[in-house]
Amino acid sequence: MGPGILTRPFPRVGGVLHCGGLSLEELATTFGTPLYVYDIRRVEACYRGFADAFAAAAPLIAYSVKANGNLSILSRLNALGSGADVTSLGELFRARQAGIPADRIVFAGVGKTEAEMAEALREGIYAFNVESRGELERLDAVAGELGMRAPFGLRVNPDVLTATPHEYTRTGHAAAKFGVPHGDVVELYRWAANRRHLRPLGIDVHIGSQITDTVPYLAAVERVLDLVVEIRSHGIDLEYVDLGGGFGIRYDSEEGMDVVALSAAVLPLVHGSGLRLILEPGRAIVGDAGVLLTRVKYVKESGGKTFVIADSGMSDLIRPSHYGGYHEVERVDTREERLRRAVDVVGPICETGDFLARDRVMDLPAPGDLLAVHTAGAYGFTMASNYNGRRRPAEVMVDGDRVHLIRRRETLEDLVRAERPEALNTETLPE
Ligand code: LLP
């Protein structure tokens with residue numbers, strides 16, 4: 001969110017970090033660690049910040065479920081009028097379970113299966129954002145079998161190279177796997193316009209993630225709206241323009257995307273087109289509303305370094321090791337003074353790449369200390385795994401002075417639930 005729009009969540013009160021009216025120390029004692037804690041009021045405030053900034057366009061805000069798909073969070077967003085950007089049958093299922101109406105759901109992704117297409121058609125989603133000719137042909141066939149017309153927009157690869165913190169989060173350049181090459185788009189709409197089971201409804205673009213500058217969005221909108229003019233000149237009218245997500249937030253010292261400035265830049269162009277605006281923010285809604293709490297187990301010195309070994313690591317939050325992502329790490333209770341020291345905060349997993357922070361100057365933690373890993377609300381739990389046989393953390397949601405356990409910690413049974421002992425497995429391959 002833009003500078004000064006919202007104050008920082010997780011305030012320090014009397015030397016102890018809080019969420020809403022509750023001490024993080026107490027939450028960790030009650031629910032154990034590692035623990036994801038979300039401030040739902042912050043989530044709601046971020047959503048409203050977005051909705052207000054773009055209110056003049058009455059957009060469909062299709063929250064990107066991949067950032068954080070917990071049902072409780074989705075259902076709160078649904079109550080505010082949010083739709084959903086989903087990318088699999090699993091995310092579609094979550095969104096529907098949370099009560100998000102199908103006609104507020106858009107379906108993205110380069111590899112949609114026939115089963116996903118059929119289910120989304122039966123559910124009656126608003127639109128498929130289609131990423132290749134092959135996918136469009138497949139969608140035509142699946143819709144034909146169901147006797148339906150599939151509403152779609154092509155995801156345009158605008159060939160805009162966007163500066164994101166890591167190359168893995170850039171999607172808008174020609175050499176990325178995403179979208180239909182800019183030069184092929186008009187021809188593909190013309191082909192689709194003659195297919196009985198396809199309904200060209202809109203156009204889509206998503207240029208990357210953690211973008212803090214409005215300029216690349218403006219460039220992408222201009223490129224896409226130029227295409228709309230050309231598409232319309234062939235008698236094909238469109239209803240929506242989807243600008244995707246990617247709006248950056250503050251992790252370290254960077255300023256997050258100023259959504260008011262973004263809307264001021266983008267809305268005049270969208271208004272002129274007469275198209276319905278869709279936005280797919282994920283991180284900007286939930287990112288800074290979440291912390292990961294982890295307890296320090298051991299502190300050791302080796303090779304001139306100080307390792308703080310915590311009870312959480314890359315299996316719970318993979319962003320530091322996968323993208324070199326920065327997450328602020330601090331002691332929850334700072335009432336006791338400590339020396340400042342450069343440390344590596346690492347996890348218990350058997351990988352050198354298992355760290356939450358590297359060469360970080362912080363109050364030297366001691367065993368038993370509770371640490372808060374900030375800005376973990378987006379792409380934290382959703383990217384967590386069971387690697388090293390670890391049970392994924394519990395998630396709690398704080399609403400003012402109240403806390404709700406919104407996902408219990410996994411059990412050992414959960415880890416093996418889908419497996420069957422070989423002796424009971426009677427399925428064989430056909431001769
Ligand atoms: N729409 C589409 C089509 C997307 O692919 C994405 C994210 C979004 C919306 C939401 O983007 P957001 O507003 O959250 O930036 N795991 C990475 C981020 C990957 C984003 C993938 N697509 C990370 O932890 O930084």
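A nitrogen atom of the ligand lies 2.7 Å from an N or O atom in the side chain of Tyr-323. Taken alone, the ligand exposes 580 Å², and the protein buries 90% of that. Those areas come from the Shrake-Rupley method with a 1.4 Å probe.

This is a predicted model, in which local features need pLDDT of at least 70 and side-chain atom pairs count only at pLDDT 80 or more, while totals for chains, interfaces and linings use all residues. Residues are numbered from 1 along each chain as its sequence is written, and side-chain values use heavy atoms, with hydrogens and water left out.

**Ligand site**

The ligand sits in the largest pocket. A pocket here is an open set of points on a 1 Å grid over the protein atoms alone, where a 1.4 Å probe fits, with protein on both sides within 12 Å along at least five of seven lines. Sitting in it means that more than half of the molecule's atoms lie within 2 Å of its grid points. Of the 18 residues around the ligand, Ser-209, Glu-280, Arg-319, Tyr-323 and Tyr-379 come nearest. A residue counts as near if one of its heavy atoms lies within 4 Å. The table gives side-chain distances to the ligand.

| Residue | Ligand atom | Distance |
|---|---|---|
| Ser-209 | oxygen | 2.4 Å |
| Glu-280 | nitrogen | 2.5 Å |
| Tyr-323 | nitrogen | 2.7 Å |

Tyr-379 lies in the loop between strand 19 (370-373) and strand 20 (394-399). Helices (H or I, at least four residues) and strands (E, at least two) are DSSP runs, numbered from the N terminus. Tyr-379 has a positive phi of about 55 degrees, although it is not a glycine. Tyr-379 counts as buried because its relative accessible area is 15%. Buried means under 20%, with a 1.4 Å probe and protein chains only.

His-206 lies in the loop between strand 11 (198-204) and helix 8 (215-232). At 19% relative accessible area, His-206 is buried. Its side chain reaches the backbone oxygen of Gly-208 at 3.3 Å. A polar atom of the His-206 side chain also lies 3.0 Å from the backbone nitrogen of Gly-245. Gln-210 is found in that loop between strand 11 and helix 8 too. Gln-210 is not a glycine, yet has a positive phi of about 60 degrees. Gln-210 is buried as well, at 6% relative accessibility. Most residues other than glycine have a negative phi, and most peptide bonds are trans.

Asp-316 lies in the loop between strand 15 (305-310) and helix 11 (319-323). Its relative accessibility is 0%, so Asp-316 counts as buried. A polar contact of 2.7 Å joins its side chain to that of Ser-312. Polar contacts are pairs of N or O atoms within 3.5 Å; within protein, one must be able to donate a hydrogen and the other to accept it, and residues adjacent in sequence count only if both atoms are side-chain atoms. Beyond four places in sequence, the contacts of Asp-316 include Pro-34, Tyr-36 and Arg-390. Contact means heavy atoms within 4.5 Å. Pro-34 lies in the loop between helix 1 (24-31) and strand 4 (35-39). A cis peptide bond joins Thr-33 to Pro-34, with omega about -10 degrees.

**The end of helix 9**

Ser-273 lies in helix 9 (residues 259-273). A polar atom of its side chain lies 2.6 Å from the backbone oxygen of Val-270. Ser-273 is buried, at 13% relative accessibility.

How values were computed
Buried means under 20% relative accessible area, exposed over 50%, partly exposed in between (1.4 Å probe, protein chains only). On a 1 Å grid over the protein atoms alone, a cavity is a set of points where a 1.4 Å probe fits but cannot get out, and a pocket is an open set with protein on both sides within 12 Å along at least five of seven lines; lining residues have an atom within 4 Å of a point.
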